[in-house]
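Subject: Structure handover

Hello,

Here is the structure I promised to pass on. Please open it first, then read the notes below.

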Amino acid sequence: MARRPAPPSHARNQAATRPSTTAPRTRTRSRTQVDVREWASGIRLSGFMVIMLSLVILGAWVLVPTLGTYIDQRQKIAALEVSVKVSADEIKALEQERDRWDDPAYITTQARERLYYVKPGEVVYLVDNDLDPASLPQEQTAVSKELKETPADWMPQLLRTVAGAGLAQTASEAR
């Protein structure tokens, strides 16, 4: 790779500080600080390069907002398409429901189930408690007709219960 010639001011400064032409060039490269003025003076901008750079900047300035608008509109279109699909599904379900209500058998069934309508002369039996016998509570002993007085007073029992509830540890405290 060919090296770019140094600017004239740089060549004069090096010639004045270098005692001989055979001195190694490693001293100038070993510097850790970079002189920005020296670096920037090596950049050459032609008129064509300036025009192309300005066209790229102008294109980015025009296209970035347009691209953002395009992406925003695509998202809105996708959301509206989903909304239209949901509405179409609801319309289809409502049309099927309407078609069902055109059937006299469906109307009769709905009137019997929802409103408990019966045809003239029919006898309908409604079962209030049709639970499984296994889920019914056990039979209770007969209730006596005599009143019995308990030996303990209810007030101390109530106070013990309230105090016990207030002092009990909750599950989060016990951990």
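A residue counts as buried under 20% relative accessible area, as exposed over 50%, and as partly exposed in between, with a 1.4 Å probe and protein chains only. By that scale, Q110 is buried, at 10% relative accessibility.

Some ground rules. This is a predicted model, in which local features need pLDDT of at least 70, side-chain atom pairs count only at pLDDT 80 or more, and totals for chains, interfaces and linings use all residues. Residues are numbered from 1 along each chain as its sequence is written, and side-chain values use heavy atoms, with hydrogens and water left out.

**The chain overall**

The chain has 7 helices and 0 strands. Helices (H or I, at least four residues) and strands (E, at least two) are DSSP runs, numbered from the N terminus. The order from the N terminus is α-α-α-α-α-α-α. Of the 175 residues, 4% are buried. The accessible surface is about 17,500 Å², and carbon and sulfur atoms hold 61% of that. These areas come from the Shrake-Rupley method with a 1.4 Å probe; for residues, only the protein chains shown count as cover.

**Where α4 meets α5**

Two packed helices are described by the angle between their axes and the distance between the axes. Helix α4 covers residues 47-101, and helix α5 covers residues 104-115. They pack at about 90 degrees, with axes 8 Å apart. The axes are lines fitted to C-alpha atoms, for helices over the stretch in contact, and angles run from 0 to 180 degrees between N-to-C directions. α4 and α5 are therefore roughly perpendicular. The cut-offs: under 35 degrees is roughly parallel, over 145 roughly antiparallel, 65 to 115 roughly perpendicular, and the rest oblique.

Which residues make the contact? From α4 come E97, R100 and W101; from α5 come Y106, I107, Q110 and R114. Contact means heavy atoms within 4.5 Å. The contact residues split into 3 nonpolar, 1 polar and 3 charged. Here Ala, Val, Leu, Ile, Met, Phe, Trp, Tyr, Cys and Pro are nonpolar, Asp, Glu, Lys and Arg are charged, and the others, Gly among them, are polar.

Back to Q110, which lies in α5. Leaving aside neighbours within four places in sequence, Q110 touches W101 and L115.

**The loop between α5 and α6**

Y116 sits in this loop. Its phi is near 60 degrees, a positive value in a residue other than glycine. Y116 is exposed, at 56% relative accessible area.

V118 is in the loop between α5 and α6 too. V118 is partly exposed, at 44%. V118 and T108 are 10 residues apart in sequence and 9.2 Å apart in space, C-alpha to C-alpha.

L136 also has its place there. L136 is partly exposed, with 39% relative accessible area. Neighbours within four places aside, L136 is in contact with N129 and L131.

**Helix α6**

α6 runs over residues 154-167, 14 residues in total. The helix reaches 20 Å from first C-alpha to last, close to the 20 Å expected at 1.5 Å a residue. That expected span is 1.5 Å times one less than the number of residues. How many of the 14 residues of α6 are buried? The count is 0, and α6 is hardly covered.

Best wishes
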